[in-house]
Amino acid sequence: VIYLAGGCFWGMEQLMQSIPGVIDAESGYANGTCEADADYKTVCKGETGFRETVRVEYDPEQVSLDALLLAYFYVIDPTVQNRQGNDRGSQYQTGVYYTNESAKETVERIAEIERGRSEKFFVEIGPLKNYYPAEEYHQNYLEKNPDGYCHIPRPAMELFLPVPRRLSRLKATSEETSSRHHHHHCNQKRHEQQERPARRHRQHQ
């Protein structure tokens, strides 16, 4: 299990759920004051220290922690503090929190690589102190609300879909485009057929 704070937890939860080998992804609040403060309204006041965090349970035989962290760093901006995308506040601070020595070694190794990519690096790297699941309406939010807000761009999100699902989405998009083209072509053809008799009529005159 690894705990990832990457801005609004709706998008990070969906991203992690889309990766093969992830067993479960749950939105919650990590490394804050206490359980009594672990509710959305209190956390949004910015005084609890809690980060919107996704608890990721995965099967290491199907996906490595390295792969999950690389996906995480691909979609976040590590150069900003207390914000991601349009979201601002201490609850949106990025962070990777581990629970054992093995994960610690992996997290610190990947973080060191990412630190070298830019002058600024504000991602918190450290042990998990506490974690509390978020309210039920936050769980699987983008699945229940497909048009809901997400700070992670859709192309970046779909990059981590398993190939069959990615291909099915591409096929659906292609069919939709083809349908629109066919509709336009039929309308154009109908318009040409309506014009032809008039042209012949003018020739006989």
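Mentor: Start with a cut-off: a disulfide is a pair of cysteine sulfur atoms within 2.5 Å. Keep in mind that this is a predicted model.

Trainee: How many disulfides does the structure hold?

Mentor: Take Cys-8, where the closest cysteine sulfur, in Cys-150, is 7.2 Å away, too far for a bond. Cys-44 is in no disulfide either, and the nearest cysteine sulfur to it, that of Cys-8, is 9.6 Å away. For the structure, the number of disulfides is zero.

Trainee: Are Cys-8 and Cys-44 buried, partly exposed or exposed?

Mentor: Buried means under 20% relative accessible area, and exposed means over 50%, with partly exposed in between. Cys-8 has a relative accessible area of 7%, so Cys-8 is buried. Cys-44 has 32% relative accessibility, so Cys-44 counts as partly exposed.

Trainee: How many helices and strands does the protein have?

Mentor: The protein has 205 residues, and buried residues make up 39% of them. Among contacts with a separation of 6 or more, 75% are between residues 24 or more positions apart. The secondary structure comes to seven helices and eight strands.

Trainee: Which strands pair with S1?

Mentor: S1 covers residues 2-5. Strand S3 (residues 51-58) pairs with S1 in the antiparallel sense over three bridges. Strand S6 (residues 95-98) is also antiparallel to S1, and three bridges join the two. The partners are S3 and S6.

Trainee: Which residues stand opposite Tyr-3 in S3 and S6?

Mentor: Tyr-3 belongs to strand S1, where Tyr-3 and Ala-5 point one way while Ile-2 and Leu-4 point the other way, and all are buried. On the S3 side, Tyr-3 stands opposite Arg-55. On the S6 side, the bridge partner of Tyr-3 is Tyr-97.

Trainee: Which residues touch the most other members of the largest nonpolar core?

Mentor: In soluble globular proteins, nonpolar side chains tend to be buried together. Here the largest nonpolar core has 42 residues, and those touching the most other members are Ile-2, Met-12, Met-16 and Tyr-72.

Trainee: What separate core includes Tyr-3 and Ala-5?

Mentor: Ile-2, from the other face of S1, is a member of the largest core. Tyr-3 and Ala-5 are instead in a second, separate core, which also includes Ala-30 and Tyr-131. The size of this second core is five residues.

Trainee: What is the nearest side chain of opposite charge to Glu-13?

Mentor: Glu-13 lies in helix H1 (residues 9-17) and is buried. Leaving aside neighbours within four places in sequence, its contacts are Ala-25, Glu-26, Ser-27, Val-54, His-138, Gln-139, Asn-140 and Tyr-141. A salt bridge needs a nitrogen-to-oxygen distance within 4 Å. Glu-13 has no salt bridge, and at 7.7 Å the nearest side chain of opposite charge is Lys-144.

Trainee: Is Gln-91 buried or exposed?

Mentor: Gln-91 is in the loop between strand S5 (87-88) and S6. Beyond neighbours within four places in sequence, Gln-91 is in contact with Val-43, Cys-44, Phe-50, Arg-51 and Glu-52. Its relative accessible area is 5%, so Gln-91 is buried.

Trainee: How far apart in space are Asn-86 and His-151?

Mentor: Asn-86 sits in the loop between strand S4 (83-84) and S5, and at 68% relative accessibility it counts as exposed. In sequence, Asn-86 and His-151 are 65 residues apart. In space, C-alpha to C-alpha, the distance is 7.2 Å.

Key
Residues are numbered from 1 along each chain as its sequence is written. This is a predicted model: local features need pLDDT of at least 70, side-chain atom pairs count only at pLDDT 80 or more; totals for chains, interfaces and linings use all residues. Side-chain values use heavy atoms; hydrogens and water are left out. Helices (H or I, at least four residues) and strands (E, at least two) are DSSP runs, numbered from the N terminus. Buried means under 20% relative accessible area, exposed over 50%, partly exposed in between (1.4 Å probe, protein chains only). Lys and Arg count as positive and Asp and Glu as negative; His and the chain ends are not counted. Contact means heavy atoms within 4.5 Å. Two strands pair if DSSP finds at least two bridges between them. A nonpolar core is a set of buried Ala, Val, Leu, Ile, Met, Phe, Trp, Tyr and Cys residues joined through side-chain atoms within 4.5 Å.
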